[in-house]
Amino acid sequence: MKDISSAIQLIPLEHYILLSVALFSIGLMGVLFRRNTIIILMCIELMFNSVNLLVTAFAAYHSDPSGQVFVFFIMIVAAAEVAVGLSILVMMKRNVDSVDINLLNRLKW
Amino acid sequence: MTALIFTIVLGILVLYLGFIKNKTILAPVAIAGLLVSLYLSFQDWGLGSMYFHNMILFDNFSIAFNISMIIITILIFIFGIDYYEDMKLHVAEQYALMIFALAGAFLMTSFSNLIMLFLGIEILSIPLYVLAGGKKYSYRSNEASFKYFMLGSFATAIFLFGIALVYGASATFYLPEIKTFIAQFNGHLPPMLLVGLLFILIGVAFKVAAAPFHFWSPDVYEGAPTLVTAFMSTVVKTAGFAAFYRLLNMGLLPLPIPLEKALWVMTALTLFVGNLGALKQTNFKRLLAYSSISHSGFIMLAMLSQHGSSAAVLLYYTFVYSLATVPIFIIFILMKRASERHEELFIFRGLFKTKPWIAVFMTILLMSLAGIPPTSGFMAKYQVFVLSISQGILWTSIFAILMAIIGIYYYFNVVREVFTEREQPSVIIVSKLNAALIIVCGVAVVILGIFVWKLPI
Amino acid sequence: MILLIILFLPILTGLFLLPFRSASVVRPMALAASVINLLITLSLVLSPSAAYAVEWISFLGINFSLGFDGISMIMILLTNLLFPFILLAGFNREQRNVHILNFLILFTQSALLGVFLAQNAFLFYVFWELSLIPVYFILLIWGGDGRKTITFKFFIYTLTGSLLLLFGIIYLYQLTPVPHTTDFAAFNKLNIPATTQIWLFWILFIAFAIKMPVFPFHTWQPPTYNMASTQGVMILAGVMTKMGIYGALRFLFPVIPQGVLYWQNTVIVLSLIGVIYASLIAFRKTNLKMLIAFSSMAHISLMVAAMFVLNTYALQGLLIQTISHGVTIAALFYIASLIKEKTGTIELPQLGGLKLQAPKMALLLLIVVLGSIALPLTAGFIGEFLMITGLFQQSIWFAAIGGLTMILGAIYMLYAYQRAMLGVQKSVFNKITDIRALDYLILIPLIVVIIGLGIYPQPIFNLFDQSIHATQNLIKPVAEAVSALAH
Amino acid sequence: MVGTIPNINLAYLVPAFPLMGFLITGLAGKRLKHNQGGIIASAMIFFSFIISVVLFYLLRSSGQDSATITLFNWIAVGNMNIPFAFLIDHLSLTMMLVVTGVGSLIHVYSIGYMHDDERVNSFFAQMNLFTFSMLLLVMGANYLVLFIGWEGVGLCSYLLIGFWFKNPAFNYAARKAFIMNRIGDLGFILGIILLFFTFKSVSFSEIFAQASLMHAGGPIITLITLLLLVGAVGKSAQIPLYTWLPDAMAGPTPVSALIHAATMVTAGIYMIARSSILYNLAPITLNVITAIGLTTAIVAAIIGLRQNDIKKVLAYSTVSQLGYMFLALGLGAYSSAVFHLTTHAFFKALLFLGAGSIIHAMGGEQDIRKMGGLRKKMPITYFTFLAATLAISGIPPFSGFFSKDMILSKAFEHNVILYFLALGGALLTCFYMFRLFYLVFFGEQRLAGAHPHESPKVMTIPLIILGVLSVFGGFLNIPSLFGGNLSFSNFLQSAVSSKVSEEISSTTEIELIILSLVLLILVIGIAYRTYVRKANLPARDGEPMSIWSRIVVNKFYIDKTYMILVEKPYSSFSNFLFNKVETKVLNPIVDGIGEATSRIGILTRKLQRGNMSFYFFAMVAGILLFIVFILTI
């Protein structure tokens with residue numbers, strides 16, 4: 001534990017922050033500009049993981065284990081979400097035979 | 001705590017009851033279980049016990065909210081007996097998922113640590129994604145759950161990022177510590193912390209459908225099965241606001257000026273979108289969706305205008321709002337059945353002719369939502385305005401009052417339909433149980449409006 | 001305690017009557033209840049000392065406190081005086097859901113009494129709103145053509161004012177010393193900075209201005225009156241317009257005298273414009289009910305003007321005119337709807353020569369018309385004379401313009417009367433019947449009130465003087481404000 | 001020491017009787033036999049006449065000037081305290097006697113005249129109501145009670161003018177009369193209020209007591225008197241508010257006799273005479289009155305020259321006679337005004353009743369061009385009518401002579417021009433009266449198919465009585481010149497304070513009388529030559545005529561002017577208010593707000609586009625905006 005965090009601390013914190021912000025933004029952009037649901041799901045996962053990275057880095061720098069714990073929580077929840085999400089996706093595929101997010105727009109106004 | 005545990009166990013139990021092909025026992029069991037957890041929650045009153053390294057704090061605030069949510073859930077389940085009658089499969093899942101969501105709601109009311117808040121929100125949301133899509137072969141239901149899930153998880157991502165940033169700045173997930181950490185800046189927070197807090201707030205605001213993060217709610221409310229919509233617009237909203245309030249109260253008081261300003265903007269937007277969106281709405285479920293958005297606006301007004309001491313108003317408002325909303329959804333279901341599954345306002349036409357009593361109580365409930373005396377809805381709004389005006393927030397209050405007038409307009413649009421004749425009167429079947437419950441709710445709405453006392457939370 | 005009885009007797013009767021569906025049961029009992037209420041009220045007039053107060057919602061400073069002074073007493077008297085006749089107007093007539101209708105009417109009565117009895121602003125507001133609900137349904141369910149939209153406009157328009165009033169109440173509430181309260185007594189003790197009073201005035205006044213209505217907030221009124229059922233319009237024109245006047249007297253003068261002073265002339269001028277405006281329009285109205293609606297507006301506007309000059313004459317005149325106008329307008333609308341029943345139309349050009357077939361109806365209408373154009377020895381004259389006297393004290397021009405009602409009123413009222421009753425008879429009206437015993441039962445007492453108060457108004461004045469503090473409450477603060485400005 | 005007179009409370013009965021009569025005849029309605037109503041009504045009036053006589057002697061014997069009797073406190077507000085009280089003094093007694101005396105005669109006459117009308121009972125009810133109000137008017141002890149009667153008589157005149165309500169023209173005339181009166185009344189009531197604020201009271205005694213201490217020409221007093229004058233002008237049909245009176249002839253002839261000749265129209269004179277003390281303080285107002293009176297007298301007389309409807313002629317003569325009374329008032333000769341009022345009541349009532357009996361005889365025909373030669377057919381009417389004509393023309397020793405002569409001499413004292421103008425008016429009066437007289441009674445009958453006959457006794461007897469009165473009525477007030485002692489004027493002295501002005505020498509007075517007499521004879525001769533010798537008729541309608549006479553025939557176009565200047569603009573303005581302001585401005589504003597709101601509502605709805613990528617965009621946009629917001633703020 002000790003040396004891992006020290007190993008993490010070899011790289012300055014800013015880099016982690018920048019990296020994860022970059023990842024987060026990439027994911028966000030993906031969510032915004034892609035229309036394929038699968039890819040959007042991936043992008044959201046990417047955003048989650050950017051968060052994970054960030055939290056881990058912070059945890060190491062603060063040398064505070066609760067950060068790592070939180071990462072595990074996030075992973076579990078993300079897994080659950082993806083499970084649900086994929087099943088919904090399957091349902092959608094069955095209904096409209098496509099995975100384009102803008103096809104589902106009967107509910108409006 | 002025991003209530004929480006028991007509720008989860010109850011959920012699993014109901015899930016397993018699904019294997020028995022006799023679905024008549026489901027609702028009774030679920031309701032009985034909820035009654036037990038109601039009793040257990042009462043047990044904890046005033047103890048303020050903490051668990052898991054103080055990540056959960058069951059103080060009176062959380063217990064009060066839990067109780068109110070349990071009561072509402074019980075109501076929904078009772079109505080569910082009739083609602084799920086013609087449904088062959090997977091009834092157990094419906095109940096179980098709602099119970100799980102309820103458990104998540106418990107966490108949301110009682111967290112004192114951001115991790116718990118996150119878990120609560122997720123435990124609440126994930127079952128709802130499924131519930132929204134409950135009607136497997138219904139296109140609309142599918143669309144609803146899809147949209148809800150997509151936007152929901154996106155919001156979660158934002159929320160998490162916020163938590164990460166805050167954690168980075170303050171090196172803790174505990175709200176009290178975050179509070180002290182913020183306090184040391186006396187107002188001038190570093191941008192990272194500020195943005196982090198903003199993201200967290202946005203994450204919660206999404207749950208309570210505050211504009212401009214409300215877009216999911218009209219669609220989801222319309223598409224989801226009506227009973228689920230009822231659940232979402234009542235229990236989920238209550239939980240969301242409990243969490244919101246607790247977050248502000250435990251973590252961010254005194255609220256940094258920029259955040260407060262941002263939240264005021266959000267409130268005004270919410271009031272505006274909610275009421276004007278509903279103004280010309282023809283689909284009743286969407287109307288209620290928008291109306292719940294507008295109510296979020298009023299609640300936020302109360303919450304922001306007096307940080308820390310508006311918990312009682314919050315509880316009162318959310319509870320009476322839920323108490324009025326649930327039976328309205330039920331009446332809507334009945335009318336929908338009676339008029340070949342239409343959802344427009346006109347389905348209520350002629351209700352007064354065929355079922356005068358239901359019509360009268362429908363009117364009372366709508367009056368409560370519109371905030372007209374002597375209903376509790378009026379008392380709720382009154383207290384909100386008392387809070388805001390005595391804080392000298394005049395312009396927003398005036399704005400809110402104007403919005404309330406618009407609210408009266410669209411609610412009484414429905415009333416007008418209820419009291420106008422219909423060409424060919426439709427047969428409306430109301431089971432004894434439903435009728436009784438509708439009347440009980442209606443009476444309760446009035447009684448709560450007449451006998452109001454300050455809750456010690 | 002007795003106040004509680006007066007307040008709740010009607011609505012409880014209404015609730016009790018809900019299960020009965022036969023008109024022959026519901027109507028007499030409802031009538032009986034309102035008559036009993038009237039008797040109790042009269043006994044109260046003889047011994048005017050009663051109050052009732054319990055804490056209601058203590059943490060919001062809300063008390064359920066009832067009481068009355070001369071002003072409230074007169075309003076209560078008017079309400080309880082009119083409602084028996086309003087209920088009576090339903091007899092022998094074809095009505096759907098009689099039990100619900102009578103319940104709603106009695107509900108309205110209780111609500112109105114609550115408005116006039118409340119000694120607590122919150123209570124006042126609750127009753128104020130409550131009175132609107134049953135009326136809304138009376139209009140919506142039993143109204144005439146185009147009721148859906150018209151009623152809705154009326155409802156929203158009125159509520160807009162009410163909610164602003166609510167804002168005002170809460171604002172005053174949080175100005176009161178801790179522990180905050182909404183009792184009128186506390187409000188009257190406030191001394192609010194003049195700048196605040198100046199804007200607060202409109203927040204509070206709009207609600208009343210709409211209710212009365214004051215030009216230019218009147219547009220909801222004529223169509224509503226025209227569309228409303230007989231009983232509905234009797235309630236609206238007879239009593240509900242007085243809510244506005246009462247509210248203004250309760251809220252504005254004692255609480256924000258400087259605001260009143262600041263806007264005094266504005267309001268007076270507005271009202272006088274209203275007087276002329278409504279009278280002129282009434283002249284061209286061919287629809288009798290519309291015409292009466294505008295005439296009512298003209299009279300009310302004069303009353304508002306008198307209210308704002310705020311001296312003893314004006315106030316006394318205002319109060320006696322309150323009763324006179326309530327009774328007269330109710331009678332007018334009743335006769336109008338009689339005409340509608342008998343001839344099937346209310347359009348003056350289609351009417352004419354009714355006197356040949358229905359001389360008695362013509363006679364009664366004439367008397368009521370004379371009452372409404374303030375002929376001496378009718379209550380209307382006392383009222384208008386005193387009000388014009390009051391206006392005169394402010395400025396002779398106000399008096400002159402206000403006095404124009406004497407002329408304009410005569411012009412349109414007599415014109416209407418002649419077009420309806422006199423002239424050559426239309427052949428279609430050959431076999432219309434004259435009025436029946438029931439109509440006598442309604443109209444004669446009203447006329448007796450009109451003439452009786454015209455000959456001997458003193459009881460009302462005494463009633464008002466008995467609670468001279470009421471006058472003081474109204475006049476003193478403003479007078480002080482005047483002197484404050486002087487220094 | 002007022003009210004100590006024994007049995008003075010009898011005065012209650014004076015108005016009480018007509019009121020009773022009104023209630024009986026009114027409520028009984030159809031149940032009464034055909035002419036019972038008339039008998040009851042007349043009896044009631046006669047009773048109150050008796051009582052008035054009794055009161056007269058009571059007052060005489062008590063040696064007091066006046067007595068006030070209070071029924072109850074009518075209005076007591078703040079420091080305003082108005083009792084419902086009667087004042088019995090010489091002036092009111094005179095009026096009471098005139099009203100009840102002439103009134104009862106006219107009632108009796110009406111029994112015969114209205115015999116064939118099916119609504120005769122309500123007719124008498126209204127007549128009684130009128131008498132009641134008139135008595136209130138003259139007996140009231142303060143301005144407000146006077147005002148009750150004032151409006152009451154207005155109402156009754158409205159009802160009676162429109163008695164035959166099937167005729168829209170009559171209804172119009174009735175409405176016109178009421179509204180013009182109301183215009184005056186507004187001025188009157190304002191005057192009363194100003195009186196109240198000036199003197200803190202409206203009762204005659206207190207006001208006059210205070211006023212007698214004031215000095216003349218105060219602006220307030222002038223304003224008060226002018227306002228009161230407006231009321232008087234309206235009631236007594238003076239320029240500019242006189243046009244209603246000729247139209248008022250629409251009513252049954254007895255009504256014209258009672259209301260529009262003998263009593264109601266004289267209310268204005270009574271009121272001013274009553275307020276003489278105030279008017280003495282306001283010279284300006286007096287001049288205004290003089291001007292109004294004189295113009296009215298002459299203009300009305302001129303219009304009268306060319307009228308062909310018998311009642312219209314009499315109506316205009318009434319207007320002009322009232323003008324004379326106003327002239328007298330303006331000159332401060334209040335008692336002579338009241339005297340002329342009295343005599344005028346006699347002979348004008350007689351003229352109207354005579355005209356009534358003629359119309360009765362001619363079967364409803366009112367056009368004098370169609371009459372003629374009635375002298376033989378209806379001798380009683382003829383002789384009484386002659387008496388009245390001579391009286392109104394002011395031929396000595398008929399009553400009109402004395403009263404009119406007093407006014408003329410007053411005018412002379414005041415200003416010679418005034419005198420000659422007044423005299424000219426008198427000559428005109430004489431001319432049109434004799435024109436009427438000759439056309440009706442001389443020559444041969446022109447209307448074919450009419451069988452004129454003398455009226456029944458019930459109608460002729462009142463004629464005779466009035467004839468006697470109009471012959472000898474003048475002797476009530478014989479001037480010192482003829483060895484009299486002006487008993488009437490002295491009798492009134494206590495009530496009205498006439499302006500003292502230097503008496504003119506008896507010689508000049510003699511000369512004036514002779515002058516006027518010569519001129520009058522001349523005029524009568526001319527009239528005789530034109531209408532009896534040459535027997536040439538007034539022009540038919542439609543015949544071409546000179547501009548001057550066209551103007552006269554059209555009554556100086558005053559009615560038309562009013563129509564154009566007042567009625568038309570009034571209705572068009574009210575049209576404008578409703579069609580433009582109400583429907584085009586006020587309503588749209590309110591509805592517009594609602595409309596705009598729902599527009600915005602629709603837009604907000606449309607925001608919910610339903611497609612996901614838009615929602616994502618919206619959320620992200622929101623987030624970014626908030627970030628910018630919190631970082632910049």
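A: **A helix pair in chain B and its setting**

In this predicted model, the facing residues of α10(B) are B:Thr226, B:Thr229, B:Ala230, B:Ser233, B:Thr234, B:Lys237, B:Thr238, B:Phe241 and B:Tyr245. They meet B:Ala311, B:Leu314, B:Thr318, B:Ser322, B:Thr325, B:Val326, B:Phe329, B:Phe332 and B:Ile333 of α13(B). By class, this contact consists of 9 nonpolar, 8 polar and 1 charged residues. Two packed helices are described by the angle between their axes and the distance between the axes. Here the two helices, α10 (residues 226-251) and α13 (residues 311-338) of chain B, pack at an angle of about 175 degrees, and their axes lie 9 Å apart. The pair is therefore roughly antiparallel, because an angle over 145 degrees counts as such.

Elsewhere in chain B, the loop between α8 (191-207) and α9 (216-223) contains B:Pro212. The peptide bond that joins B:Ala211 to B:Pro212 is cis, with an omega of about 0 degrees. B:Ala209 also has its place in the loop between α8 and α9 of chain B. Its phi is near 55 degrees, a positive value in a residue other than glycine. With 29 other C-beta atoms within 10 Å, B:Ala209 is buried, since the cut-off for burial is 20 or more.

A further positive phi in chain B, of about 60 degrees, belongs to B:Asn54, which is not a glycine either. B:Asn54 is placed in the loop between β1 (49-51) and β2 (56-58) of chain B. In contrast to the buried B:Ala209, B:Asn54 counts as exposed, because it has 11 C-beta neighbours inside 10 Å and the limit for an exposed residue is 12 or fewer.

Chain B also takes part in a contact between chains, in which 31 of its residues touch 30 residues of chain A. On the side of chain A, the elements that give two or more residues are α2 (13-33), α3 (37-62) and α4 (66-96). Of these, α4(A) gives the most, with 14 residues. The residues of chain A on this side divide into 22 nonpolar, 5 polar and 3 charged. Chain A does not touch chain C, and the nearest C-alpha atoms of these two chains are 25 Å apart.

Among the 5 pairs of chains in contact, it is chains C and D that share the most contacts. Chain D and chain C each contribute 38 residues to their contact. On the side of chain D, at least two residues come from each of β1 (66-77), α5, α6 (168-199) and α24 (558-607). The greatest contribution on that side is made by α6(D), with 14 residues. By class, the side of chain D that touches chain C holds 23 nonpolar, 9 polar and 6 charged residues.

One of the contributors on the side of chain D, α5, comprises residues 143-161. This helix has 19 residues and reaches 26 Å from its first C-alpha to its last, close to the 27 Å expected at 1.5 Å a residue. All of its residues, 19 of the 19, are buried, so α5(D) is largely enclosed by the rest of the structure.

Further along chain D, helix α17 (residues 379-393) includes D:Leu386. D:Leu386 counts as partly exposed because it has 16 C-beta neighbours inside 10 Å. The C-alpha atoms of D:Leu386 and D:Leu374 are separated by 12 Å, and the two residues are 12 apart along the chain. In the loop between α17 and α18 (399-414) of chain D lies D:Pro397. The peptide bond from D:Pro396 to D:Pro397 is cis, and its omega is near 0 degrees.

In chain C, strands β1 (residues 52-57) and β2 (residues 62-66) run antiparallel and are joined by 5 bridges. One bridge pairs C:Ile57 with C:Ile62 of β2(C). The two strands form a hairpin with 4 residues between them, and C:Gly61 in the turn has a positive phi of about 65 degrees.

How values were computed:
Residues numbered from 1 in each chain as written. Chains lettered and ligands numbered in written order. Predicted model: local features only at pLDDT ≥ 70, side-chain atom pairs only at ≥ 80, totals over all residues. Pairing = 2+ DSSP bridges. Axes fitted to C-alpha atoms, helices over the stretch in contact; angles between N-to-C directions. Parallel < 35°, antiparallel > 145°, perpendicular 65-115°, else oblique. Contact = placed C-beta atoms within 7 Å. Nonpolar A, V, L, I, M, F, W, Y, C, P; charged D, E, K, R; others polar. Expected span 1.5 Å × (residues − 1).
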